[in-house]
Amino acid sequence: MSAPVIAIDAMGGDFGPHCIVPACVDSLADSPLLRLILVGQHDILEQLVAQYPRLDRTRLLIRPAADIVAMDARPAQVLRGSADSSMRQALELVRRGEAQACVSAGNTGALMALSRHVLKTLPGIDRPAMVTAVPTAAGSCLLLDLGANIDCSAENLYQFAVMGAVAAEALGVVRPRVALLNVGTEAIKGNQQVKLAASLLLQARELNYVGFVEGDGLYRGEADVVVCDGFVGNIVLKASEGLASMIAARVAAQFAAGPLSRLVGLLALPLLRRLQGELRPARHNGASFLGLQGIVVKSHGAAGPEGFRSAIRRALTEVDENLPQRLHGRLEHLLL
């Protein structure tokens with residue numbers, strides 16, 4: 001297999017290239033065969049890369065792009081006037097086959113709109129979906145959609161389920177359990193779209209559909225793939241991140257409350273550090289856009305170098321698994 005090449009929108013996110021360049025340098029150290037193409041304002045990127053004189057510059061290239069997609073830009077506006085933006089040019093590298101994936105921390109709506117415009121969707125897919133791995137008591141599960149599609153039909157939810165199942169298989173899950181996120185597990189619960197999606201999934205014999213799952217069941221690990229519309233999925237994800245941060249802060253405060261508490265905290269420190277490492281958002285950063293004819297991974301806009309590095313790892317995994325081709329091969333058998 002040839003060396004994987006990933007295009008990086010180096011100007012996106014809250015911290016831009018000052019965060020992204022160090023993450024890229026670390027990623028190259030992690031993966032000796034990986035090559036990265038930084039897309040963005042040439043002079044700024046050259047100054048930052050020059051801080052690593054021992055870096056193999058044949059593995060970290062720079063492609064100039066003059067414009068930056070603002071974090072508050074409207075997708076329609078970006079589609080009309082983004083020809084020389086770092087985001088658009090990074091996606092064009094994937095379209096032309098010069099890179100096998102694109103990673104960006106930029107404007108989510110703009111990235112989705114440009115990805116659909118430049119790369120197109122796979123046959124049979126109406127809308128791409130954002131998916132990420134959420135930690136659970138059993139390990140992790142894939143949750144989709146995370147906000148790309150606020151209003152979804154039953155057919156959209158069915159397509160998300162199919163794509164999520166194939167993505168889970170690519171990650172090594174055998175016959176992944178697929179569930180719909182709902183307000184109850186009984187058949188009478190939920191809105192019309194969720195009920196209709198359940199009917200469609202019950203007809204898909206090749207999918208291991210296990211029914212409805214509630215929010216607490218998601219974290220108990222009752223399914224390997226959990227499907228919902230983007231409105232619900234985004235709220236679940238952001239609430240989960242906030243809860244994890246609050247619990248970590250509360251635990252730290254309790255252990256600092258007094259001499260005895262500090263002693264107990266010192267004894268528990270190795271366990272707490274391991275738990276924080278498993279649950280920290282940076283480790284799970286990176287949401288994939290499933291359903292495109294190419295690999296696109298969205299990093300959280302506020303992610304630091306460690307988080308952006310995780311997003312690059314996710315993209316590399318999908319390149320190794322040739323995920324779009326696997327999806328294409330399975331969709332014709334699974335889509336209604």
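A: Let's start with Val 183, which is exposed because its relative accessible area is 63% (buried means under 20%, exposed over 50%, partly exposed in between, with a 1.4 Å probe and protein chains only). Before going on, bear in mind that this is a predicted model, where local features need pLDDT of at least 70, side-chain atom pairs count only at pLDDT 80 or more, and totals for chains, interfaces and linings use all residues. Residues are numbered from 1 along each chain as its sequence is written, and side-chain values use heavy atoms, with hydrogens and water left out.

Val 183 sits in the loop between strand 7 (177-181) and helix 7 (192-203); helices (H or I, at least four residues) and strands (E, at least two) are DSSP runs, numbered from the N terminus. Leaving out residues up to four places away in sequence, Val 183 touches Lys 189, Gly 190 and Glu 214, where contact means heavy atoms within 4.5 Å. Its C-alpha atom is 8.5 Å from that of Phe 212, 29 residues apart along the chain.

Ser 104 counts as buried because its relative accessible area is 0%. The Ser 104 side chain makes a polar contact with the side chain of Asp 9, at 2.7 Å. That term covers a pair of N or O atoms within 3.5 Å; within protein, one must be able to donate a hydrogen and the other to accept it, and residues adjacent in sequence count only if both atoms are side-chain atoms. Not counting residues up to four places away in sequence, the residues Ser 104 touches include Met 87, Leu 111 and Phe 308.

Helix 4 (residues 86-95) and helix 5 (residues 108-119) pack at an angle of about 35 degrees, with their axes 10 Å apart. Axes here are lines fitted to C-alpha atoms, for helices over the stretch in contact, and angles run from 0 to 180 degrees between N-to-C directions.

Lastly, the cysteines: the structure holds zero disulfides, a disulfide being a pair of cysteine sulfur atoms within 2.5 Å. Cys 19 is in none, as the nearest cysteine sulfur, that of Cys 24, is 9.0 Å away.
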